[in-house]
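Please look over the notes below with the model open beside you.

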Amino acid sequence: MPGIVSAKTPPPRLSLPLTTTTITTTTTSPDPTTTTATNKPRSSSLPRRTPSPSPSRKKKPSPSTPSNGLLDSGLDNPDLGPFLLKLARDAIASGDGPNKALDYALRASKSFELRANNNDSAADDGGNQASLDLAMSLHVLAAIYSSLGRFEEAIPVLERAIGVVDAAKGIEQALAGFSGCMQLGDTWSMIGKIEKSIGCYEKGLRIQIDALGESDPRVAETCRYLAEAHVQAMQFDEAQKLSKQTLEIHRAHSAPASLEEAADRRLMALICEAKGAHEAALEHLVLASMVMIANGQENEVAAIDVGIGNIYLLLCRFDEAVFSYQKALTVFKSSKGENHPLVASVYIRLADLYYKTGKLRESKSYCENALRIYNKPVPGTTQEDIASGLSEIAAVYESINEPEEALKLLAKTMKFLEDKTGQQSTIAGIEARMGVMYYVIGRYADALGSFENAVAKLRAIGERKSAFFGVLLNQMGLACVHLFKIDEAAELFEEARGILEQECGPCHQDTLGVYSNLAATYDAMGRIEDAIEILEYVLKLREEKLGTANPDFDDEKNRLMELLKEAGRSRNKKAKSLENLIDPTSKRTKKEVNKRWGGLGRRL
């Protein structure tokens, strides 16, 4: 969806804990500004054994890597669990592969579980330590599953890890539970289940607050992390509450003009921008820029300048926007090089600005400059960066009425993302945009195919109750109408109505558009009474809550009067043909193309 950029950093991959017997507070506080990798080999402190120089002599088992039978035979040994976890880390560090590490981690968790079961009735510290060790080993096991892309297997392991600790038994138990909740939330996020991810983060935050108190700086980091997740889910009110809490904690515990405060204000600015509070967003960005200048963060100042330029652009203060963009461009070119993706991102902002000021030649020129960078990326550029840039360039081409070029770029964008885990929601959004563009240029079969793909992906990841999903169903129903699939269109409009009524309310413009489309569809199907009922409800809403000044009011009133006359003349009158409903040669349809079907070109 062009115009809204998520602030949430990519879900951090899960790194293996360095300790084997304790869980400390420093390993459980999430840091949303950094990303750790699980599959990066750790350097081993032990030298690797060299092969035996004598091929004729039978190789003896290495004492550092016992056979499976020896390991399995003494799983109840209290020293075996930590040793197996060490072998798991060494297997990854030595390049033996995660599968071998997985084998060690599985047996380590079994050993810890046996020990925990033996100490289950114990009320001393030994029993608590056994459950902590088991939880830690399960965290490691889940991290290895995630590094292998086996997220569905990691989830029950993490749920088990959360269940074996009791927050009431002390701060270490509580923080182990917190760590498990956050890791489980990251895992759900990696497979695109944002709502479940947020639920886990919220549970983890409650555990952390109970253990550390509401004003602990580590609680602030978790609040920010959860706020970013809410932004990704477009739940801006919840994100704003958490961001305010984060800012208050950091202002109380950090020095004035701290980097933490600057990060909080940048997130607040993004939330305010998404909610339409542009002046408030600008104030937060200016304050964040002052903090970064005081700390000598030149590149961060440039990044904030881009955000300031975006706000100026939304406020139609074009000269100030150009100045902010050019300042950022100068810094990025000097510090990153002229072919860096950050330079391309500023080119895209300038292209959008010049389109909005009517300078199409300059706009296309900046798009071409950005494409040149993305077509020959510098080392270190991720595929996600390229995909994001191509998607934004496509939005500019769409705006300047070059949909074919935009479609090519979006198709290329999907190729960069199709093999990436956790990108199903993003790909669905791209397919929805392609469907709208196909619809606008009259390629209704292609539009329907894109909408179907997008809807299937969103249903698969559980995003079937959002306002975006409702608008998408409405758009898909309109494509069905043009392909004479009237029954399918009615079903889609009905589902969209239920979602948008719940998410946006009956008076929202998107909901009213679905009402109108559904009434017209019922009319075409011969369900006159149902169409009359919907139009009467819409007119009542407009008269009582929205006012009658809207131009759609007169059109809907005339449609209702016409349907009432038809129902009065003959209740069994033959239904109108769908050809007459959308045939451009029909007198009635010429009016309805712009009024009755005003949602045909609705942007997602």
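Predicted model: local features only at pLDDT ≥ 70, side-chain atom pairs only at ≥ 80, totals over all residues.

1. Residues are numbered from 1 along each chain as its sequence is written, and side-chain values use heavy atoms, with hydrogens and water left out.

2. Helix α14 (residues 341-356) and helix α15 (residues 360-375) have axes that come within 8 Å and cross at roughly 160 degrees, which makes α14 roughly antiparallel to α15 (angles over 145 degrees count as roughly antiparallel). Axes here are lines fitted to C-alpha atoms over the stretch in contact, with angles running from 0 to 180 degrees between N-to-C directions, and helices are DSSP runs (H or I) of at least four residues, numbered from the N terminus.

3. The contact between these two helices (heavy atoms within 4.5 Å) includes Tyr-347, Ile-348 and Tyr-354 of α14, and Tyr-366, Ala-370 and Ile-373 of α15. The residues of this contact divide into 15 nonpolar, three polar and two charged, where Ala, Val, Leu, Ile, Met, Phe, Trp, Tyr, Cys and Pro count as nonpolar, Asp, Glu, Lys and Arg as charged, and the others, Gly among them, as polar.

4. Helix α5 (residues 151-163) and helix α6 (residues 171-190) have axes that come within 9 Å and also cross at roughly 160 degrees, and they are therefore roughly antiparallel to each other. Among the residues making the contact are Phe-151, Leu-158 and Ile-162 of α5, together with Gly-177, Gly-180 and Trp-188 of α6; by class, the contact has nine nonpolar, four polar and one charged residues.

5. Rings of Phe, Tyr and Trp (its six-membered ring) pair if their centres lie within 6.5 Å, with planes under 30 degrees apart counted as stacked, over 60 as edge-to-face and the rest as tilted. By this rule the count comes to five aromatic pairs. One of them is the stacked pair of Tyr-354 and Tyr-366, at 5.7 Å centre to centre and 0 degrees between the planes. Tyr-354 lies in α14 and Tyr-366 in α15, so the pair ties together parts that are twelve residues apart in sequence. Both Tyr-354 and Tyr-366 are buried (under 20% relative accessible area, with exposed over 50% and partly exposed in between, for a 1.4 Å probe and protein chains only). Ring pairs link Tyr-347, Tyr-354 and Tyr-366 into a cluster.

Methods
Parallel < 35°, antiparallel > 145°, perpendicular 65-115°, else oblique.
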